[in-house]
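Here are a few exercises to work through with the model open in your viewer. Try each one yourself before reading the solution.

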Amino acid sequence: MSKAKKIKTAKAKKATRKNAKSRGRRTRLPGDPGRREMLDRMIRVDHAGEYGAVRIYQGQLSVLGGSEAAPVIEHMAEQERRHLDTFNKLIPQHRVRPTALLPLWHMAGFALGAGTALLGEKAAMACTVAVEEVIDEHYAGQIEILDADGDDSDLRATIEEFRLEEVEHKDAALKHGAEDAPGYEVLSGLIKTGSRLAIWLSTRI
Ligand SMILES: [Fe+2]
Ligand SMILES: [Fe+2]
């Protein structure tokens, strides 16, 4: 091959690589490492969140089991168990490594639920409002990302279904006097910050 031809071939190869790269940035294809990583992270953090939610409601019921609020909390707990069951199946299906922080969420979730319940029914409801508000935001964010990717998968439908139930939990807790809890703003702010940190960590670790 002549020197000029060699340079031309090298240039053409470079251009092809460049095109492939910019195409990859525009749309992610199934099996693409970028897309794969994105879905792994979503499933990992959602699994962690639903795991934590089950523990929060278990903690609340350990204190408020016999109270007037018990049936409402039982109903939320039941739905959280269903959410967790779904992600318990998605983890092996997608061969996702669960977060290493599950033992922490096991304890922290229960402590948060029981701790706020010890402050009273309204504080427990304030905890639910704060957590569910953050989860609603989180799921809505994931749906936005999936939609931008043109994703119309079962995962998207699952996330939207669960998001609507989390909003139901939030509304039920508001109806049960969450905002009348003593120190509502401070309590709510602390729990939201903690929940956002838990999401951030569970996405990565
Ligand atoms: Fe949930
Ligand atoms: Fe929930």
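Helices (H or I, at least four residues) and strands (E, at least two) are DSSP runs, numbered from the N terminus. The model is predicted, so local features need pLDDT of at least 70 and side-chain atom pairs count only at pLDDT 80 or more, while totals for chains, interfaces and linings use all residues. Residues are numbered from 1 along each chain as its sequence is written, and chains are lettered from A and ligands numbered from 1 in the order in which they are written.

**Exercise 1. Work out the fold pattern.**

Step 1: count the elements, and you get seven helices and zero strands. Step 2: read along the sequence, which gives α-α-α-α-α-α-α. Step 3: look at contacts (C-beta atoms, placed from the backbone, within 7 Å). Of those with a separation of 6 or more, 82% join residues 24 or more positions apart.

**Exercise 2. Check the length of α3 and see what follows this helix.**

Step 1: α3 covers residues 70–93, which is 24 residues. Step 2: the expected span is 1.5 Å times one less than the number of residues, so α3 should reach 34 Å. Step 3: compare that with the end C-alpha atoms of α3, which are 35 Å apart, so the two agree. Step 4: step past the helix to R95, where phi is positive, near 50°.

**Exercise 3. Find the two sides of α4.**

Step 1: do the length check again; the 17 residues of α4 (102–118) should span 24 Å, and the end C-alpha atoms are 24 Å apart. Step 2: call a residue buried if 20 or more other C-beta atoms lie within 10 Å of its own, exposed if 12 or fewer, and partly exposed in between, with C-beta atoms placed from the backbone. Step 3: list the buried residues of α4: W105, G109, L112, G113, T116 and A117. Step 4: down the axis they fall within an arc of 120° (taken from the directions from the helix axis to the C-beta atoms), so they line one face of α4. Step 5: on the face turned away sit the exposed residues P103 and M107. Step 6: after α4 comes G120, with a positive phi near 130°.

**Exercise 4. Which residues touch the most other members of the largest nonpolar core?**

Step 1: a nonpolar core is a set of buried Ala, Val, Leu, Ile, Met, Phe, Trp, Tyr and Cys residues joined through C-beta atoms within 7 Å. Step 2: among the 40 residues of this one, the answer is A126 and C127. Step 3: α2 gives the most, with twelve residues. Step 4: follow A126 to its contacts, including T116, Y184 and L187.

Technical notes:
Two residues are in contact if their C-beta atoms, placed from the backbone, lie within 7 Å. Lists of a residue's contacts leave out its neighbours within four places in sequence.
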